[in-house]
Amino acid sequence: MDVTVEQDRKFMRQALAEAGAAAEIGEVPIGAVLVKDGVVIGSAHNLRETSNDPTTHAEMIAIRQAAAQTGHWRLLDCTLYVTLEPCVMCMGAIILARIPRLVYGCRDPRVGAAGSIYDLSRDDRFNHRVAVTEGVLADECSAVLSGFFQELRARKKGAKGGGTEDE
């Protein structure tokens with residue numbers, strides 16, 4: 001197996017662990033890991049519900065952590081691993097941080113900005129391009145999200161349903 005493919009799977013598994021941590025606290029299970037020279041310099045999961053801050057996507061938090069750790073806003077020679085294709089806000093931050101490579105698990109057909117709805121990664125109007133690898137552990141990434149939303153729908157349905165058959 002190619003070293004890059006093996007490494008991509010390794011770090012995507014770490015992003016999946018972050019997604020699991022998000023699900024445990026009721027957040028949409030999306031995880032991100034930012035890596036430089038084989039070392040994680042930022043690792044996060046969604047915190048929008050917890051923080052009441054719409055900008056606390058996993059990618060944004062991981063980018064902030066990495067910039068603080070390196071002391072630079074330019075995150076050159078880094079790879080960002082995310083379980084779900086980034087949105088426009090997160091792709092904007094990836095481009096502005098000069099992150100050269102993005103690896104994501106599954107596509108986001110509603111708001112994806114790295115190939116699904118938009119492709120900001122290759123837009124010639126920006127002064128930075130992002131190499132994108134999609135589909136790494138896609139089934140696992142998709143299953144985490146699907147399972148979370150199925151459970152959420154079941155809980156909502158149960159809450160609306162009222163009593164039990166025994167009443």
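Which residues lie nearest the centre of the largest pocket? Here are my notes, starting there.

1. **Ground rules.** This is a predicted model, where local features need pLDDT of at least 70, side-chain atom pairs count only at pLDDT 80 or more, and totals for chains, interfaces and linings use all residues. Residues are numbered from 1 along each chain as its sequence is written, and side-chain values use heavy atoms, with hydrogens and water left out.

2. **The pocket.** I30, L84, D108, R110 and V111 lie nearest the centre of the largest pocket, out of 19 lining residues. A pocket here is an open set of points on a 1 Å grid over the protein atoms alone, where a 1.4 Å probe fits, with protein on both sides within 12 Å along at least five of seven lines; lining residues have an atom within 4 Å of a point. Its volume is about 440 Å³, meaning the space filled by probe spheres set on the points, with grid points joined across faces, edges and corners.

3. **What lines the pocket.** By class, the lining of the largest pocket has 10 nonpolar, 3 polar and 6 charged residues. For the classes, Ala, Val, Leu, Ile, Met, Phe, Trp, Tyr, Cys and Pro count as nonpolar, Asp, Glu, Lys and Arg as charged, and the others, Gly among them, as polar. Helix α5 (residues 138–161) supplies the largest share of this lining, 3 residues. Helices (H or I, at least four residues) and strands (E, at least two) are DSSP runs, numbered from the N terminus.

4. **Helix α3.** The 13 residues of α3 (residues 58–70) should span 18 Å at 1.5 Å a residue, and the end C-alpha atoms are 18 Å apart, so the two agree; the expected span is 1.5 Å times one less than the number of residues. A58, E59, M60, I61, A62, I63 and A66 of α3 are buried, where buried means under 20% relative accessible area, exposed over 50%, and partly exposed in between (1.4 Å probe, protein chains only). Their cover includes β1 (31–36), β2 (39–45), β3 (78–84) and α4 (88–96). Just after α3, G71 takes a positive phi of about 75 degrees.

5. **The core.** The largest nonpolar core has 43 residues, and L34, M91 and L102 have the most contacts inside it. At least two residues of this core come from each of α1 (3–24), β1, β2, α3, β3, α4, β4 (101–106) and α5, and α3 gives the most, with 6 residues. Such a core is a set of buried Ala, Val, Leu, Ile, Met, Phe, Trp, Tyr and Cys residues joined through side-chain atoms within 4.5 Å. In soluble globular proteins, nonpolar side chains tend to be buried together.

6. **Helix α4 and M91.** In α4, C90, M91, A93, I94 and I95 are buried, with α3, β3 and β4 included in what covers them. Not counting residues up to four places away in sequence, M91 touches P86, L102, A113, A114, L120, S121 and V130; contact means heavy atoms within 4.5 Å.

7. V82 sits in strand β3 and is buried, with a relative accessible area of 0%. Its contacts, leaving out residues up to four places away in sequence, include M12, I30, L102 and V103. V82 and Q14 are 68 residues apart in sequence and 9.5 Å apart in space, C-alpha to C-alpha. V103, in strand β4, counts as buried at 0% relative accessibility. Beyond its neighbours within four places in sequence, V103 is in contact with residues including D8, T79, V82 and V136. T79, found in strand β3, counts as buried at 13% relative accessibility, and its contacts outside four places in sequence are V33, L34, V35, R101 and V103.

8. **Loops to check.** R98, in the loop between α4 and β4, has a positive phi of about 65 degrees although it is not a glycine. L137, in the loop between β5 (131–134) and α5, is also not a glycine and has a positive phi of about 55 degrees; L137 is buried, with a relative accessible area of 11%.

9. **H57.** This residue is found in the loop between α2 (48–51) and α3. H57 is buried, with a relative accessible area of 13%. Setting aside neighbours within four places in sequence, H57 is in contact with N46, R48, C87, M89 and C90.
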